[in-house]
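This report walks through one protein model for someone meeting it for the first time. Please keep the sequence and the structure in view while reading.

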Amino acid sequence: MNLIVRQMNYNDLDACSKISIKARIDLWEKYDHTIYPRKYLKEKLKLYKPAILRKFIDDKDKYAFVAEVEDEVVGLALGKVTYGISDISWIAVDPEWQGEGIGRKILETIIEYSKSRDVTK
């Protein structure tokens, strides 16, 4: 498997939106449905519109990474760096690709990026 993690760009927005929605639905169906009503799921899905994801590309204090396998986006992470703290807002791997070490590679990339931004926490 040829896995790379790189910064997200505008061409990735639709794929990242689809993966985020797919992963959130999968999470809700497996676990959250016993705690949260479907209304909760519908509200969360609104957060994954391309226009909202785009803000993580445009804002210098935020970061957005994608994981690719053979030129296909299979995962993503969004977050921000403020006050020396790296805060991961969302990380998702397409359910069909989970269990392949993709999430781990994304986290390793975030850690390296955060160190380059002098993050202490």
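## A buried aspartate and its surroundings

Aspartate 26 is buried, with a relative accessible area of 18%, where buried means under 20% relative accessible area, exposed over 50% and partly exposed in between, computed with a 1.4 Å probe on protein chains only. Aspartate 26 is found in helix H1, and, leaving out residues up to four places away in sequence, it touches Pro95 and Gln98, contact meaning heavy atoms within 4.5 Å.

The model is predicted, so local features need pLDDT of at least 70 and side-chain atom pairs count only at pLDDT 80 or more, while totals for chains, interfaces and linings use all residues. Residues are numbered from 1 along each chain as its sequence is written, and side-chain values use heavy atoms, with hydrogens and water left out.

## The sheet

Helices (H or I, at least four residues) and strands (E, at least two) are DSSP runs, numbered from the N terminus. Four strands make up an open sheet in the order S1-S2-S3-S4, with antiparallel pairing, and two strands pair if DSSP finds at least two bridges between them. At the edges are strand S1 (3–7) and strand S4 (85–93), each of which pairs on one side only. From one strand to the next, the twist averages 20°, given that axes are lines fitted to C-alpha atoms, for helices over the stretch in contact, and that angles run from 0 to 180 degrees between N-to-C directions.

Strand S3 (residues 72–82) pairs with S4 in the antiparallel sense over eight bridges, and threonine 82 stands opposite isoleucine 85 in S4. The hairpin of S3 and S4 has two residues between the strands, and in it tyrosine 83 takes a positive phi near 55°.

## Helices against the sheet

Helix H1 (residues 13–30) lies across strand S2 (62–69), S3 and S4, running at about 90° to S3. Helix H3 (residues 50–58) also lies across S2, S3 and S4, and runs at about 110° to S2.

| Helix | Residues in helix | Reach | Expected at 1.5 Å a residue |
|---|---|---|---|
| H1 | 18 residues | 26 Å | 26 Å |
| H4 | 15 residues | 21 Å | 21 Å |

The buried residues of H1 are Leu13, Cys16, Ser17, Ile19, Ser20, Ala23, Arg24, Asp26 and Trp28. They pack against helix H2 (38–45), H3, S2, S3 and S4.

Among them, arginine 24 counts as buried at 9% relative accessibility. Not counting residues up to four places away in sequence, arginine 24 touches Asp32, Tyr40, Leu41, Lys44, Leu45, Tyr48 and Trp90. The side chains of arginine 24 and tyrosine 48 are joined by a polar contact of 3.0 Å; such a contact is a pair of N or O atoms within 3.5 Å, and within protein one must be able to donate a hydrogen and the other to accept it, with residues adjacent in sequence counting only if both atoms are side-chain atoms. Arginine 24 and proline 95 are 71 residues apart in sequence, and their C-alpha atoms are 9.6 Å apart in space.

## Helix H4

Which residues of H4 are buried? They are Ile102, Ile106, Thr109, Ile110, Tyr113 and Ser114. These residues cover an arc of only 135° around the axis, which puts them on the same side of H4, the arc being that of the directions from the helix axis to the C-beta atoms. An α-helix has 3.6 residues a turn, so residues three or four places apart point the same way.

The buried residues of H4 pack against S1, S2, S3 and S4, whereas the face turned away from the buried side carries the exposed residues Arg104, Glu112 and Lys115. Threonine 109, in helix H4 (residues 102–116), is buried with a relative accessible area of 17%, and touches Val5 and Phe65 when residues up to four places away in sequence are not counted. H4 is followed by aspartate 118, which has a positive phi near 60°.

## An exposed lysine

Lysine 60 lies in the loop between H3 and S2 and is exposed, with a relative accessible area of 67%. Its side chain is joined to that of aspartate 61 by a polar contact of 3.4 Å. Lysine 60 and lysine 80 are 20 residues apart in sequence and 8.7 Å apart in space, C-alpha to C-alpha.

How values were computed: Expected span 1.5 Å × (residues − 1).
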